[in-house]
Amino acid sequence: MMIYSSPKKILVIGATGQLGRLCLKVFSGEKYQTLGTGFSRLSSGLTPLDLSQEGEAAAVVSRVRPDIAIICGAMTDVEGCESSREKAFQINSKSPADIAREMKKIPGGKLVFLSTDYVFDGTCGPYDENSLTHPLNVYGESKLKGEKAVLEASESNLVVRTTTVYSFQAGGNNFTMQLLKRLSQKEKMLVAADQWATPTYAQDLALALENLIKVDACGIIHAAGSDFISRLDFAREAARILKLDPSLIQGLPTSQLKQKAKRPLKAGLKTDRLQKAVGYLMRGIKEGLRDFAENLGKSPVK
Ligand SMILES: NC(=O)c1ccc[n+]([C@@H]2O[C@H](COP(=O)([O-])OP(=O)(O)OC[C@H]3O[C@@H](n4cnc5c(N)ncnc54)[C@H](OP(=O)(O)O)[C@@H]3O)[C@@H](O)[C@H]2O)c1
C-alpha cells in the first residue's frame, strides 16, 4: 500500500459532470488539495479545459502538477461520437494519452481513467477485467484506445470501468434524470428491453475511487453496482421507488430505437476485483434509488 503524505494534490478533469462533481466532494477535507476543470459548465474556482483542443490538457497538467489526476471528462454522447469520430478520439483517447505522458514526469504521479463496459460487445456480460474487449461503436473504441494509452504510460495508473451511472443531479441528463423529467410531465418514455447492465450509483462510484486510490490499485478494475438488470426493469424499479407512473414506460427492442451507434446488449461488469481491493460490494439499485429519492426530496427537479 502506498502511504501518501498529506495533503495530496488531486486534479479532477471534468469536475462539472455527474461523477466529477461528486469527486470534488469526496476528495475534500484536509487530506486533499483538490482542483477541478470544467468545459461548457465552467463555474468559479474551476480551471477551463477543452479536451478536444490538442495540447490543452497537457498544459493544464504540467502547470498544476497533481499527485493524482482523475479523468472523469469525456465525450459521453454515444450517438454524437458516431457522427464526430475524430473529436471523440481526441477527447477520449488522445488527450488522455497526453495527460498520461505529463503525469509520468511527476514523481509518484498516478493517473485514474474512467472507462466503460462499452469496450465489450455485449454477447456474454457481465464481464470481468480479463474478458476480451470488442467495442461495437466509436464511443467504446475511443475509450478502449484511451485505456491502452493510460496503462502503457505507467504501471501505477488505474483504469476504472463503470456502467449506467445514475444519480440525482439537478439539471443533469443521466438516464434516471431523463426518466424523472419525462414521467413527472406525464410523457411516455421508450426504453430498451434487451440492454442489460449493472447500474452504478454515482456517489458509490466516487467513494470507490477514493478507496481504490487509498490502496493504490493499479491496472484495470471494474466498479459497478451489484444488480445485473435490463434497462427496462431498472426504469420500472426507478418509477416505483420515485413514485412515478410505470405505465408511461414502454419497452422496445434496441433494433427499434433508431439509434446510430450499435449497443452492447448483455453488457455489465463483474466486480470481484473491486471487492478484493476495497473490501465491499457497491450497492444495488434498490438502495441507490432510495438514496436518489431522498436527494430528490431535498431539491426541485429542473
Ligand atoms: N454516465 C454513464 O452511464 C457512464 C457509463 C460508463 C462510463 N462512464 C464514464 O464515466 C466518466 C464520467 O461520466 P459522467 O456520467 O460523469 O459524464 P457526464 O456527466 O457526461 O460529464 C462529462 C464531463 O466531461 C466534460 N467534457 C465534455 N466534453 C469536454 C471537452 N471537450 N473538454 C473538457 N471536458 C469535457 C464535461 O464538462 P462540461 O459539463 O463542463 O461541459 C463533464 O464534466 C466518463 O469518462 C464516462 O465515459 C459513464
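Tutor: Helices are DSSP runs of H or I with at least four residues, and strands are runs of E with at least two, both numbered from the N terminus. Asp67 sits in the loop between α2 and β4. The model is predicted, so local features need pLDDT of at least 70 and side-chain atom pairs pLDDT 80 or more, while totals for chains, interfaces and linings use all residues. Residues are numbered from 1 along each chain as its sequence is written, and side-chain values use heavy atoms, without hydrogens or water.

Student: What is Asp67 in contact with, leaving aside its neighbours within four places in sequence?

Tutor: Contact means heavy atoms within 4.5 Å. The partners are Pro7, Lys8, Lys9, Met103, Gly108, Gly109 and Lys110. Asn295 is another matter: its C-alpha atom and that of Asp67 are separated by 32 Å.

Student: Which residues does a cis peptide bond join?

Tutor: Gly125 and Pro126, with omega at about 5°. Most peptide bonds are trans. Pro126 is in the loop between β5 and α5.

Student: How do you know which strands make the sheet, and in what order do they come?

Tutor: Two strands pair if DSSP finds at least two bridges between them. Seven strands form an open sheet, β3-β2-β1-β4-β5-β6-β11, with parallel pairing. What makes β3 (47–48) and β11 (219–222) edge strands is that each pairs on one side only. Four bridges join β6 (residues 158–162) to β11, so the pair passes the two-bridge test. Arg161 stands opposite His222 in β11.

Student: Which helices lie on these strands?

Tutor: Helix α4 (residues 85–104) lies across β1, β4 and β5, at about 165° to β5. Helix α5 (residues 138–153) touches β5, β6 and β11, at about 160° to β5. Axes are lines fitted to C-alpha atoms, for helices over the stretch in contact, and angles run from 0 to 180 degrees between N-to-C directions.

Student: Why is the pair of Tyr166 and Tyr201 called tilted?

Tutor: Rings of Phe, Tyr and Trp (its six-membered ring) pair if their centres lie within 6.5 Å; planes under 30 degrees apart are stacked, over 60 edge-to-face, the rest tilted. The count comes to eight pairs. In this one the centres are 5.3 Å apart and the planes at 40°, so the pair is tilted. Tyr166 is in β7 and Tyr201 in β10, 35 residues apart.
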